[in-house]
Amino acid sequence: MLNFASILIGLLSLVIVIPATIPFLGWANWLALPLIVIGIVVGALSSKDSGRNFCLIVLLIASLRLMLGGGII
């Protein structure tokens with residue numbers, strides 16, 4: 001059940017992260033990061049790893065976008 005919750009949190013954060021790749025919308029990644037961290041924690045409490053790994057991939061995408069945009073843009 002926790003794995004499913006982690007995947008749902010990851011999908012919700014992915015919905016925020018994908019439009020944030022557009023220039024001048026990078027600030028939305030800052031809104032998604034706490035949600036992603038919550039998904040990672042919930043996934044770590046689960047017995048399976050797929051939800052946690054999915055949230056880690058979303059975190060990697062959001063972090064890479066923030067680094068390329070200088071943290072704001």
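Colleague: Is F24 buried or exposed?

Modeller: The model is predicted: local features need pLDDT of at least 70, side-chain atom pairs count only at pLDDT 80 or more, and totals for chains, interfaces and linings use all residues. Residues are numbered from 1 along each chain as its sequence is written, and side-chain values use heavy atoms, without hydrogens and water. Under 20% relative accessible area is buried, over 50% exposed, and in between partly exposed (1.4 Å probe, protein chains only). F24 has a relative accessible area of 64%, so it is exposed.

Colleague: Where is F24 found?

Modeller: Phi of F24 is near 70°, a positive value in a residue other than glycine. Helices are DSSP runs (H or I, at least four residues), numbered from the N terminus. F24 lies in the loop between helix 1 and helix 2.

Colleague: Within what arc do the buried residues of helix 1 fall?

Modeller: Buried in helix 1 are N3, S6, I9, G10, S13 and V17. They line one face of the helix, because seen down its axis (taking directions from the axis to the C-beta atoms) they fall within an arc of 120°.

Colleague: Which exposed residues does the face turned away from the buried side of helix 1 carry?

Modeller: The buried residues of helix 1 are covered by elements including helix 2 (28-45) and helix 3 (50-68). The face turned away from that buried side carries the exposed residues F4 and V15.

Colleague: Which side chains meet in a salt bridge?

Modeller: A salt bridge puts a side-chain nitrogen of Lys or Arg within 4 Å of a carboxyl oxygen of Asp or Glu, and the count is one. Its N to O distance is 3.9 Å, and the side chains are those of D49 and R52.

Definitions and conventions:
Helix = DSSP H or I, 4+ residues; strand = E, 2+ residues; numbered from the N terminus. Contact = heavy atoms within 4.5 Å.
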